[in-house]
Amino acid sequence: EDKGRGRPPRATDERWRARGSWRRRERERGEEKMQGVRTRTRTRVLLNSDNKANNRGRVRGRAQSDVVGERKNATTTTKEEEGKFDARAFRRSLNKTGRYVRKPTHDEESKKKMEDHGVGYSTTGLVAMMREQKFEAEISDKLSFKLAESYGFCWGVERAVQMAYEARRAYPGRQLHITNEIIHNPSVNKRLQEMDVKFIEDRGADNGGKDFSEVNEGDVAILPAFGASVHEMKILHDRKVQIVDTTCPYVSKVWNSVETHTRRKHTSIIHGKWAHEETIATASFAGDYVIVKNMAEAEIVADMILGKGLSKEDFLEKFKNAISEGFDPDTMLDKVGIANQTTMLKGETEAIGKLFQKTMMEKHGPADLDSHFVVMDTICDATQTRQDAMYNMVSHQGTDEGVDMILVVGGYNSSNTMHLQEIAEEYNIPSFWLDTADRIGPGNETEWMDAHQQMQKSENWLPLDRKVRIGVTSGASTPDKVVEDILDKVCAIKMS
């Protein structure tokens, strides 16, 4: 299986840099792509070129069947559907309440405060300098850095943090709450707490879940970048609060896909982690669903579809935390659709899609595939470009462009950062995943996390007797200031 060992496309080419800030261009690309999403649904072709013509017919057929289905649903309702909560209709109805905001205002004062707090893009520090110098910095004859060509804050994360800062400025006399961390970065969340944004306590599923008792009518509730469940949205709506929805449009795109599965009576197979906040939110908008963490779990589900592998009882036990209520694998895997947590590895999501396409073709035959399988493109570009840039960096090992070690910077609960660490470990490059500069010291020692999310401690981790070339990358929720604080400590140790 190809896991990206070959050199991938460069995440940022010379033309981007020639046009100015590559980060500005990334934001423009995000906005342009999401505008395109509003006007079309792009079906990902998973089979080889000999199936292209067949796939074109499928797309046309799907579009026609969706129209017919929607017209029918508009005029008829089965007894089974009566009384069911329509998550899609509810989410759309929020726009009419006058208490729902889902777009940034681009307030300049809020942007300035973000910069002052170090929760945006660097304009003067070492990271900014490397961007202007072909992503390199020659510090001394003992130390140099190589910055990944795509790293750090993505468009959706920047947008979410900006909206949170704008909310604080827009509602100065009102209590602000947030349903979870705005993003998976401790520095940014700490700043919001200092701005008197209250984080709603999660008491755990066994103790009643999140405690909304302190959220009152007239308060402001912020939904984080990875979204909130429809259940939480309903609670906030019923309490008549002002909702500021910072959900990344790429996450909303996944929600649209599972809602499409539900309308077509397909079970959603969600590639993600069942306990991750984004996947919890996505599952809340799905009808029937099963969540698979990786290819191994996907193969178990595929075998179940073909009547092989685990017994029904063992299957339900295996996926007890990752299936919809009342899930029956004997009846609910006849029609399936694919969706994903946006921070998962692109290659694995695509491989899982291919697996289920082939599985449904084997069971139902090519002629009936359209009736039993649907997939849409819901992979996040920002996650993928950071992974591509990391593969690009490690592919130069053994050459003058190679690095001696890699610093991966990001929150320890950040899924996309964990995948960056996985890539470094896959290539057997010494790599240190740090969430803040406080992990370094005293002296030449550090505490760090590996890709298995186990904390490690290393002494004399920075070689002092020779020059070191250090690769640097950061997760999509990591401000440049956090990276620069870490690099400052590295410089201090090497130059001492």
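Hi everyone. Before anything else, when I say contact today, I mean heavy atoms within 4.5 Å. And please keep in mind that this is a predicted model.

You'll find serine 229 in the loop between β6, residues 220-223, and α9, residues 230-238. Is serine 229 buried or exposed? Its relative accessible area is 10%, and buried means under 20%, so serine 229 counts as buried. And what does serine 229 touch, leaving aside its neighbours within four places in sequence? The answer is Ala281 and Ser284.

Those numbers take us to helix α11, which covers residues 277-284. Helix α10, residues 249-263, packs with α11: the two axes come within 9 Å and cross at roughly 35 degrees. The crossing of α10 past α11 is right-handed. On the α10 side, the residues involved are Val251, Val254, Trp255 and Val258, and they meet Glu278, Ala281 and Thr282 of α11. By class, that contact has five nonpolar residues, one polar and one charged.

α10 lies across β8 (267-271), β10 and β11, and runs at about 170 degrees to β10. Those strands belong to an open sheet of four, in the order β9-β8-β10-β11, with parallel pairing. Which strands stand at the edges? They are β9, residues 289-292, and β11, residues 373-375; each has a single partner strand, so one side of each is left without a neighbour in the sheet. On average, neighbouring strands here are turned by 25 degrees against each other, direction ignored.

If you'd like to zoom in on one pair, take β10, residues 336-340, and β11: they pair in the parallel sense over three bridges. Have a look at isoleucine 338, which stands opposite valine 375 in β11.

One last stop, a second pair of helices. α5, residues 108-117, and α7, residues 155-170, have their axes 9 Å apart and pack at an angle of about 115 degrees, and are therefore roughly perpendicular to each other. α5 also passes α7 in a right-handed crossing. From α5, the contact uses Glu109, Ser110, Lys111, Lys113, Met114 and His117; from α7, Glu158, Val161, Gln162, Tyr165, Glu166 and Arg169. How do these residues divide by class? Three are nonpolar, three polar and six charged.

Key. Residues are numbered from 1 along each chain as its sequence is written. This is a predicted model: local features need pLDDT of at least 70, side-chain atom pairs count only at pLDDT 80 or more; totals for chains, interfaces and linings use all residues. Side-chain values use heavy atoms; hydrogens and water are left out. Axes are lines fitted to C-alpha atoms, for helices over the stretch in contact, and angles run from 0 to 180 degrees between N-to-C directions. Helices (H or I, at least four residues) and strands (E, at least two) are DSSP runs, numbered from the N terminus. A crossing is left-handed if the near helix is turned anticlockwise from the far one by less than a right angle, and right-handed if clockwise. Ala, Val, Leu, Ile, Met, Phe, Trp, Tyr, Cys and Pro count as nonpolar, Asp, Glu, Lys and Arg as charged, and the others, Gly among them, as polar. Two strands pair if DSSP finds at least two bridges between them. Angles under 35 degrees count as roughly parallel, over 145 as roughly antiparallel, 65 to 115 as roughly perpendicular and the rest as oblique. Buried means under 20% relative accessible area, exposed over 50%, partly exposed in between (1.4 Å probe, protein chains only).
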